[in-house]
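Let's take a walk through a protein model together. Have the sequence and the 3D view ready, and pick out each residue as it comes up.

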Amino acid sequence: MAFFIFFAPSFAFSPYTEKLLGRIGVFLDIEEKELFPEAPDRLVYLAHLGKQGNMDSDTLQVFQSELTCSICMNCFLDPITIDCGHSFCRPCLSLCWEEGQTPRRCPECRGIAERPDFKTNIVLKRLASLARQARADHDHSSEEQICVTHQEAKGFFCEADQTLLCGPCSERPEHTAHSHSPIHRAAEESREKLLKRMGSLWKIREEMQILLNQEAKKTWSFKDYVALRKEMITAEYQRMLLFLREEEQLHLEALEREAKEMCEQLEESVFRMTQYRASLKEMYRELTGMCCKPDRELLQVLANVLEM
Ligand SMILES: [Zn+2]
Ligand SMILES: [Zn+2]
Ligand SMILES: [Zn+2]
Ligand SMILES: [Zn+2]
């Protein structure tokens, strides 16, 4: 398998990389480009970096650094290229933008990303997969597991048994019905499955966010309703209080009027009774005087008095 780097307008290499690629030799290779049918025509250059296992450490490092996500510092996983041209793993950017700050900004250049969603950059995705494989091939001596029976590297993955197998082991009768694939391909397929699962989790999470927003809205409108009801109740009681005060005032005024009239009548009555009492005393005094008069005069005056 050959490795290629595409100079796409959507992403650029550092000057050091370009110099290094120049040293290796950059040339157009239409046949090799056909291996990447999704690669758009605007991709101008193909850089042939080397055959599998032939890539030296320096080149591999540069190759990988160009395919490293600046957020997680790992090889791109489901890479997306945003408005400014910078690329990141979709999961990294999803987590980075999670808090929903607007406008969404590029973590690298702070450029504003206006599009709501981004398609996977297929070329970058394939290159990242190649870079992962190149890294695995480069590190194989340290990481490889050797089959004890056949003394061969376990290069295949049995999905049914979920085990690693060497070539001869994978051809044993108990595995005839199984599908075995090279480790890198199996791992990439597992990554795809994980990404799919992550995608659906993220979608559920976004739906949850919508529900949460609705709940928050409900809470706020309920709080608004309570505040409004409070105002209404307060206003109603204030109105009733005012009405009761007015009623109280009218009641008191009526009572006062009634009491005043009654008092006036009583005072009048007391005045009359006092006067009558005084006149009775006067009469008593006159009658006392009369009693002291001589008999004849008494009898004459008495007749006048009794006639009255
Ligand atoms: Zn990342
Ligand atoms: Zn940017
Ligand atoms: Zn074996
Ligand atoms: Zn098997």
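Predicted model: local features only at pLDDT ≥ 70, side-chain atom pairs only at ≥ 80, totals over all residues.

**The zinc sites**

Start with the zinc ion (ligand 2). Its protein donors are Cys84 (SG), His86 (ND1), Cys106 (SG) and Cys109 (SG). Along the chain, these donors follow the spacing C-x1-H-x19-C-x2-C. Histidine 86 sits in the loop between β3 (79-81) and β4 (87-89), while cysteine 106 belongs to the loop between β5 (104-105) and β6 (112-113), so this pair ties together parts that are 20 residues apart in sequence. How accessible are the two? Histidine 86 is partly exposed, at 25% relative accessibility, and cysteine 106 is buried, at 0%.

Now find the zinc ion (ligand 3). Here the coordinating residues are Cys147 (SG), His150 (ND1), Cys166 (SG) and Cys169 (SG), and the spacing of the donors reads C-x2-H-x15-C-x2-C. Again, a pair links distant parts of the chain: histidine 150 is in the loop between α6 (140-143) and β7 (156-158), cysteine 169 is in helix α7 (residues 167-170), and they are 19 residues apart. Histidine 150 has 29% relative accessibility, so it counts as partly exposed. Cysteine 169 has a relative accessible area of 10%, which falls under the 20% cut-off for buried.

Here are the distances and angles for the two sites:

| Zinc ion | Donor distances | Donor angles | Arrangement |
|---|---|---|---|
| ligand 2 | 2.0 to 2.3 Å | 105 to 113° | tetrahedral |
| ligand 3 | 2.1 to 2.3 Å | 102 to 120° | tetrahedral |

**A sheet and a helix**

Next, look for an open sheet of three strands, in the order β8-β7-β9, with antiparallel pairing. The edge strands are β8 (163-165) and β9 (180-182), each of which pairs on one side only. On average, neighbouring strands in this sheet are turned by 35° against each other, ignoring direction. β7 and β9 are joined by three bridges in the antiparallel sense. Which residue of β9 is the bridge partner of cysteine 158? That would be histidine 180. Helix α8 (residues 183-291) packs on the sheet and touches β7, β8 and β9, and its direction makes about 100° with that of β9.

**Aromatic pairs**

The model has two aromatic pairs. One of them joins tryptophan 97 and phenylalanine 118: the pair is tilted, at 6.3 Å centre to centre and with 45° between the planes. Tryptophan 97 lies in the loop between α4 (90-96) and β5, and phenylalanine 118 in the loop between β6 and α5 (122-138), so parts 21 residues apart in sequence are tied together. Tryptophan 97 is buried, at 8% relative accessibility, and phenylalanine 118 is buried too, at 7%.

Phenylalanine 222 and tyrosine 225 also form a tilted pair, because their ring centres are 6.3 Å apart and their planes are at 35°. These two residues are three apart in helix α8, which means about one helical turn separates them. Are they buried or exposed? Phenylalanine 222 is exposed, with a relative accessible area of 53%, whereas tyrosine 225 is partly exposed, with 47%.

Methods
Residues numbered from 1 in each chain as written. Chains lettered and ligands numbered in written order. Heavy atoms only, no water. Donors = N, O, S within 2.8 Å, 3.2 Å for Na, K, Ca; no water. Tetrahedral: all angles 85-135°; square planar, octahedral: opposite > 155°, others 65-115°. Helix = DSSP H or I, 4+ residues; strand = E, 2+ residues; numbered from the N terminus. Buried < 20%, exposed > 50% of the residue type's maximum accessible area, 1.4 Å probe, protein only. Pairing = 2+ DSSP bridges. Axes fitted to C-alpha atoms, helices over the stretch in contact; angles between N-to-C directions. Contact = heavy atoms within 4.5 Å. Phe/Tyr/Trp six-rings, centres within 6.5 Å; stacked < 30°, edge-to-face > 60°.
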